[in-house]
Amino acid sequence: MNHYLVIGVERSPHSPDDDGDSYDAFKVAVSSEKELTFEELKKAFEKEVDILWSLIFDDLELEEQKEWEWGEGYKNVDYVLVSSEPFPEDVDIYGVDLAVDYFGC
């Protein structure tokens, strides 16, 4: 079994393009019997980001939903980690912990 941790950033569609603080780190864990391509992992990442955006929208009050402006948003995969063992659900994708735990730095 192949276990992947796909790490990237997203900016929701209602956030202004020029707001550098509106980008958030995002991770997706994917498991597969077969070896997946980067494109397959990228699609899985984008699908999970779309689900997140839908959940955020659904959580808004009706008035807030009316004010929500659907822009393009932003999704980008930065790293893909592969392991024969599953990644912990609470893996810290911020700071040095990721590098120490998985890159051996």
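This is a short walk through the structure shown above, from its overall layout down to single residues.

Before we set off, a word on the model: it is predicted, so to speak of local features a pLDDT of at least 70 is needed, side-chain atom pairs count only at pLDDT 80 or more, and totals for chains, interfaces and linings use all residues. Residues are numbered from 1 along each chain as its sequence is written, and side-chain values use heavy atoms, with hydrogens and water left out.

Let us begin with the whole chain. Its secondary structure comes to 3 helices and 3 strands. Helices (H or I, at least four residues) and strands (E, at least two) are DSSP runs, numbered from the N terminus. Read from that end, the elements follow the order β-β-α-α-β-α. The chain has 105 residues, and 30% of them are buried. Here, buried means under 20% relative accessible area, exposed means over 50%, and partly exposed is in between, using a 1.4 Å probe and protein chains only. The accessible surface of the chain is about 7,200 Å², with 49% of it belonging to carbon and sulfur atoms. Such areas come from the Shrake-Rupley method with a 1.4 Å probe, and for residues only the protein chains shown count as cover.

How do parts of the chain meet? A contact means heavy atoms within 4.5 Å. Among contacts in the chain with a separation of 6 or more, 64% are between residues 24 or more positions apart.

Met1 sits in the segment before E1. Leaving aside neighbours within four places in sequence, Met1 is in contact with Ser31, Ser32, Glu33, Ser83 and Ser84. Next comes Asn2, which is found in strand E1. With a relative accessible area of 22%, Asn2 is partly exposed. The C-alpha atoms of Asn2 and Lys34 are separated by 7.0 Å, and the two residues are 32 residues apart along the chain. Not counting residues up to four places away in sequence, Asn2 touches several residues, including Val30, Glu35 and Ser83.

Now move on to the loop between E1 and E2, where Ser12 lies. Is Ser12 buried or exposed? Its relative accessible area is 9%, so Ser12 is buried. Beyond its neighbours within four places in sequence, Ser12 is in contact with Trp53 and Gly73. Ser22 is found in the loop between E1 and E2 as well, and it counts as buried because its relative accessibility is 10%. Leaving aside neighbours within four places in sequence, the contacts of Ser22 are with Glu10, Arg11, Ser15 and Pro16.

Aromatic rings give us another way to see how the chain is tied together. The structure holds 2 aromatic pairs. Rings of Phe, Tyr and Trp (its six-membered ring) pair if their centres lie within 6.5 Å; planes under 30 degrees apart count as stacked, over 60 as edge-to-face and the rest as tilted. The rings of Tyr23 and Tyr74 have centres 5.4 Å apart and planes at 80°, so this pair is edge-to-face. Tyr23 lies in the loop between E1 and E2, while Tyr74 lies in strand E3 (residues 74-83), so the pair ties together parts that are 51 residues apart in sequence. Tyr23 is partly exposed at 32% relative accessible area, and Tyr74 counts as partly exposed at 33%.

The rings of Phe26 and Phe45 have their centres 5.7 Å apart and their planes at 75°, so that pair is edge-to-face. It links distant parts of the chain, with Phe26 in strand E2 and Phe45 in helix H1 (residues 38-59), 19 residues apart. Phe26 is buried, with a relative accessible area of 15%, and Phe45 is buried at 0%.

Our last stop is empty space. Rolling a probe the size of a water molecule over the atoms shows where such space is left. On a 1 Å grid over the protein atoms alone, a pocket is an open set of points where a 1.4 Å probe fits, with protein on both sides within 12 Å along at least five of seven lines, and lining residues have an atom within 4 Å of a point. The largest pocket is lined by 13 residues, and Leu5, Ala29, Phe87, Pro88 and Glu89 lie nearest its centre. Strand E1 (2-11) and strand E2 (24-32) are the elements that give two or more residues to this lining.
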